[in-house]
Amino acid sequence: MTNEYYMQQALKEARQAFDEGEIPIGAVIVQGSAIIARGHNQVEKLNDSTAHAEIIALTSAFNYLGSKYLPEATLYVTIEPCIMCAGALYWSKISKIVFGADDEKNGSISKPPYITQGVSPFHPKTVVERGVLKEECAQLMKSFFQQKR
């Protein structure tokens, strides 16, 4: 399977969030070639500002594996993780993070100190890849906020 395939799966989660009136961010966690967890934003549904796609997917993966760490897993998420999610990802010791579109307003690596000093909020062993299906991921967000205006 390719990064694009798994990002398409994350986009399915994001579309579900969109349909539920949530900010359309979706995530899947892969280990080996299997998707072991899925998540999409549920902030409004759960009345919980921490119910981001990444957090929901992480909790699901921890439960599935019976482990508090994910050193052999990859997170695919449609939008760059925020600083809260970056902290959770740090502690998960996830191997790799692949995201679609940058989030210049709330993202954890599209602004200082990462952008200016190269200081990553993720675990030192975590590899980050950005820009997979970037346009499609960004367009879903744009459509959501245009609909809200």
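Lys93 is partly exposed, with a relative accessible area of 34%. This residue of the predicted model sits in the loop that joins helix 4 to strand 4. Its phi is near 60°, a positive value in a residue other than glycine. Most residues other than glycine have a negative phi.

Asn47 also has a positive phi, of about 50°, although it is not a glycine. Its place is the loop between helix 2 (43-46) and helix 3. Asn47 is exposed, with a relative accessible area of 73%. Ala86, by contrast, is buried, with a relative accessible area of 0%, and belongs to helix 4.

The table lists the relative accessible area of these residues.

| Residue | Relative accessible area | Class |
|---|---|---|
| Asn47 | 73% | exposed |
| Lys93 | 34% | partly exposed |
| Ala86 | 0% | buried |

**Helix 3 and helix 4**

The C-alpha atom of Ala86 is separated by 9.7 Å from that of Ile55, a residue 31 residues away along the chain. Helix 3 covers residues 53-65 and helix 4 covers residues 83-92. These two helices pack at an angle of about 20°, and their axes are 10 Å apart. Angles under 35 degrees count as roughly parallel, and helix 3 and helix 4 are therefore roughly parallel to each other. Helix 3 passes helix 4 in a left-handed crossing.

On the side of helix 3, the contact is made by Glu54, Ile55, Leu58 and Phe62. Helix 4 contributes Met84, Cys85, Ala88, Leu89 and Ser92. Sorted by type, the residues of this contact are seven nonpolar, one polar and one charged.

**The nonpolar core**

In soluble globular proteins, nonpolar side chains tend to be buried together. The largest nonpolar core of this model has 37 residues. Those with the most contacts inside it are Met7, Ile29, Leu70, Leu75, Tyr76, Leu89 and Ile94. At least two residues of this core come from each of several elements, including helix 1 (3-19), strand 1 (26-31), strand 2 (34-40) and helix 3. Strand 3 (73-79), helix 4, strand 4 (96-101) and helix 6 (134-148) are also among them. Helix 1 gives the most to this core, with six residues.

Which residues does Leu89 touch, leaving aside its neighbours within four places in sequence? Leu89 is in contact with Leu58, Leu75, Pro81, Ile94, Ile97 and Phe122.

Note on methods. Residues numbered from 1 in each chain as written. Predicted model: local features only at pLDDT ≥ 70, side-chain atom pairs only at ≥ 80, totals over all residues. Heavy atoms only, no water. Axes fitted to C-alpha atoms, helices over the stretch in contact; angles between N-to-C directions. Helix = DSSP H or I, 4+ residues; strand = E, 2+ residues; numbered from the N terminus. Parallel < 35°, antiparallel > 145°, perpendicular 65-115°, else oblique. Left-handed = near helix turned anticlockwise from the far one by under 90°. Contact = heavy atoms within 4.5 Å. Nonpolar A, V, L, I, M, F, W, Y, C, P; charged D, E, K, R; others polar. Core = buried A, V, L, I, M, F, W, Y, C linked by side-chain atoms within 4.5 Å. Buried < 20%, exposed > 50% of the residue type's maximum accessible area, 1.4 Å probe, protein only.
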